[in-house]
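Me: Please take me through this structure in questions and answers, with the cut-offs given for each term.

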Amino acid sequence: MRPSREGSPWTGLWAVVTKEMADHLTSARMQILEVLIALTALGTVYAAVQEIRAVIGHDPFLFLKLFTVNKDPLPAFVGLMGFLVPLVAIALAFDAVNGEFNRRTISRVLAQPIYRDALLFGKFLAGFFTLAIVLVTIWLLVMGLGLIFLGVPPRGEEVLRGLIYLGACLFYGGIWLALALLFSVVFRQPATAALASMAVWLFFTAFWGMIADVLAPVLRPVRFGLPEEFLAQIQAALALSRFSPNILYGEITLALLRPEVRALGPLLTFQLQGAILGSPLPLSQSLLLIWPHLTGLVASTILLFALSYILFQRQEIRT
Amino acid sequence: MAELVIETKDLTKRYGDLTAVDNLNLKVYEGEVFGLLGPNGSGKTTTILMLLGLTEPTSGSVRVLGFDPARQPLSVKSRVGYLPELVGFYDDLTARENMIYIAKLNGLPRREAYQRIEQALEQVGLEEVADKPVATFSRGMRQRLGLAEILIKEPKLIILDEPTQGLDPEGAREFLELIRKLKGQGITILLSSHILSQVQRICDRVGLFYRGKKVLEGSVSELAREVLGSAYRIRLEVQGVPEALIKALKGIPGVQDVTQQAPDIYEVQAKEDLRAEAVRAVVEAGGKLKGIMVEEPSLDEIYARYFEKGGMVK
């Protein structure tokens with residue numbers, strides 16, 4: 001047996017992370033996105049507050065309404081984040097690896113005593129941390145604005161639900177970050193990588209729902225008109241649609257920020273037995289509802305990263 | 001003999017059907033400047049990448065400073081400085097910031113890193129522009145920055161891939177001068193080039209590559225002797241009787257050929273530097289010596305002649 005390779009694969013990881021983060025945080029690209037996101041937070045929260053004051057009087061989860069209530073024509077905060085988080089994540093990573101090739105810096109960096117692992121993982125972590133900084137900032141902005149406009153402090157459970165939503169946003173972004181990173185390994189041109197990432201995002205946002213609706217009757221046809229058949233078909237459509245990270249994000253948002261939601265699929269009458277309609281679920285029950293979604297988001301992020309890792313390890317570094 | 005710094009045994013790299021490096025056996029000793037020379041696509045860069053563990057050999061073995069680059073890449077890469085062909089930098093960072101990143105990747109403690117960066121910048125003459133973004137640098141400055149970056153590692157071996165590529169003749173000369181100074185500090189240097197004439201002056205030994213094979217190896221004068229048959233060509237400007245002069249010159253032991261190239265110009269081909277003997281012979285034959293010059297053999301000529309003679313089937 002040949003001896004395994006020496007040293008830790010993470011040698012130099014933090015040097016890469018700090019350098020990449022410094023690049024992200026000072027780049028014009030990030031500054032534009034930060035302005036865009038700050039505007040989103042301000043606009044949507046202001047609109048939500050107007051709506052809350054006008055329509056909703058008392059609600060135990062007033063603060064969470066800041067995230068979910070919209071006033072036409074502006075979408076709700078969570079809706080806009082569904083667009084913006086992938087955009088930021090893709091912007092952070094689409095030129096991560098191919099940029100090093102194009103600048104001819106890759107061989108110089110890899111000639112230092114580090115493994116490729118450190119470079120790729122460092123770039124991913126730097127993107128992830130940058131995304132986290134951006135999201136935490138917005139989250140604090142929304143909560144702060146809420147305090148000013150609503151004049152009541154949030155309850156502990158609201159803060160907790162909000163924080164879990166923040167974590168979910170981060171891993172929702174993580175998927176797109178890992179995807180853009182993957183494309184930056186596969187495609188030599190950063191523009192191609194960016195377009196490919198956007199194409200995948202658009203596919204899941206606009207078309208996947210339709211495709212799921214078309215595929216479900218094929219997989220679970222209704223032959224005899226039995227209620228079980230209809231139910232099976234609906235559930236198949238739901239299961240298919242959940243391959244899309246956008247749907248996962250949407251359902252997580254729904255369960256977390258609207259505690260009165262008791263199920264994410266079709267609700268059967270027997271499930272409602274003994275329930276008081278409109279009463280909120282405790283946090284633990286809401287979490288139970290979206291636990292598979294959360295693990296799905298984290299798992300896809302890891303899977304996509306692993307794929308780019310394998311491809312990057314096999315890549316010849318000569319330009 | 002000095003210590004071995006690089007040793008390869010039957011080193012081979014294949015990309016599909018293409019054999020980029022074919023059974024290479026190379027030995028480079030401590031303190032020498034070795035040139036990997038040959039046209040583009042002859043396997044020089046692939047060899048270098050295998051020496052650094054940046055690409056895995058298909059077969060054969062490599063030892064660099066006693067380490068196996070495929071299994072102990074960190075040990076190799078922390079002791080070897082590598083300047084890639086047409087090296088690139090992070091253009092929006094300054095020269096110093098670029099170097100700090102490299103120092104961090106090498107795990108140097110901060111204070112020592114800053115000190116070494118200062119010294120290295122001074123050594124290559126970039127201290128004045130250290131805080132300017134690299135985007136404003138000329139090709140020559142980038143190349144020098146690349147060298148400075150290597151120096152902060154305090155390497156035992158420096159590998160330079162086409163170091164004069166993209167430089168004007170003056171810039172190339174200055175850069176080679178820098179390299180020569182490094183040799184004076186006892187650092188072993190391996191450099192590759194396809195411009196033979198430019199680097200022949202600073203190389204102690206060279207290996208000529210062709211299609212993945214090392215076809216010739218040795219010092220320039222050794223190669224000249226082997227391929228051209230004579231390493232020295234002495235040109236004499238003499239007034240006198242041609243027949244007598246040629247006879248006298250041919251009579252010197254070690255002279256291989258004497259030709260008259262113009263009415264008063266004679267060329268003597270010899271294995272050694274026979275200038276003194278030639279002068280004496282000319283004077284004794286009654287000639288009036290006006291000038292004497294020795295022409296060093298050029299690698300270009302050796303290379304061209306080698307293929308002319310069919311040393312390699314094309």
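Me: Between which two elements of chain B does the loop that holds B:S42 lie?
Reply: This is a predicted model, in which local features need pLDDT of at least 70, side-chain atom pairs count only at pLDDT 80 or more, and totals for chains, interfaces and linings use all residues. Residues are numbered from 1 along each chain as its sequence is written, chains are lettered from A and ligands numbered from 1 in the order in which they are written, and side-chain values use heavy atoms, with hydrogens and water left out. Helices (H or I, at least four residues) and strands (E, at least two) are DSSP runs, numbered from the N terminus. On that basis, the loop with B:S42 runs between β3 (33-37) and α1 (44-51) of chain B.

Me: Is B:S42 buried or exposed?
Reply: Buried means under 20% relative accessible area, exposed over 50%, and partly exposed in between (1.4 Å probe, protein chains only). The relative accessibility of B:S42 is 1%, so B:S42 counts as buried.

Me: Which backbone oxygen does the side chain of B:S42 reach?
Reply: A polar contact is a pair of N or O atoms within 3.5 Å; within protein, one must be able to donate a hydrogen and the other to accept it, and residues adjacent in sequence count only if both atoms are side-chain atoms. Contact in general means heavy atoms within 4.5 Å, and B:S42 touches B:A20, B:F209, B:Y210, B:R211 and B:G212, leaving aside residues up to four places away in sequence. The backbone oxygen reached by the side chain of B:S42, at 2.6 Å, is that of B:P39.

Me: How far apart do the C-alpha centres of domain 1 and domain 2 of chain B lie?
Reply: Domain bounds come from an automatic or database domain assignment. For chain B this assignment gives domain 1 (4-224) and domain 2 (232-296). Their C-alpha centres are separated by 42 Å.

Me: What percentage of the residues of chain B count as buried?
Reply: Chain B has eleven helices and 13 strands, and its C-alpha atoms fill a box of roughly 75 × 50 × 35 Å along the principal axes. Among contacts in chain B with a separation of 6 or more, 69% are between residues 24 or more positions apart. Of the 314 residues of chain B, the buried share is 51%.

Me: Which residue meets A:R161 in a salt bridge?
Reply: A salt bridge is a side-chain nitrogen of Lys or Arg within 4 Å of a carboxyl oxygen of Asp or Glu. At 2.9 Å, N to O, the partner of A:R161 is A:E157.

Me: What is the N to O distance between A:E251 and A:R242?
Reply: A:E251 counts as buried, at 9% relative accessibility. A:R242 is partly exposed, with a relative accessible area of 25%. Their side chains meet in a salt bridge, N to O, at 2.7 Å.

Me: How many residues apart in sequence are the parts that B:R96 and B:E118 tie together?
Reply: The side chains of B:R96 and B:E118 meet in a salt bridge of 2.6 Å, N to O. B:R96 lies in helix α3 (residues 95-105) of chain B and B:E118 in helix α4 (residues 110-124) of chain B, so the pair ties together parts whose separation in sequence is 22 residues.

Me: How many salt bridges are there over all chains?
Reply: Salt bridges that share partners join A:K19, A:E20, A:D23, A:E100, A:R103 and A:K123 into one network. Over all chains, the count of salt bridges comes to 27.

Me: Over which rings does the charged end of A:K19 sit?
Reply: A charge sits over a ring if NZ of Lys or CZ of Arg is within 6 Å of the ring centre and within 35 degrees of the ring normal. The charged end of A:K19 is 3.4 Å from the ring centre of B:Y90, and 5.3 Å from that of B:Y101. The rings are those of B:Y90 and B:Y101.

Me: Why is the pair of A:F204 and A:W208 described as edge-to-face?
Reply: Rings of Phe, Tyr and Trp (its six-membered ring) pair if their centres lie within 6.5 Å; planes under 30 degrees apart count as stacked, over 60 as edge-to-face and the rest as tilted. A:F204 and A:W208 lie four residues apart in helix α9 of chain A, about one turn of the helix. Their ring centres are 5.9 Å apart and the pair is edge-to-face because the angle between the planes is 70°.
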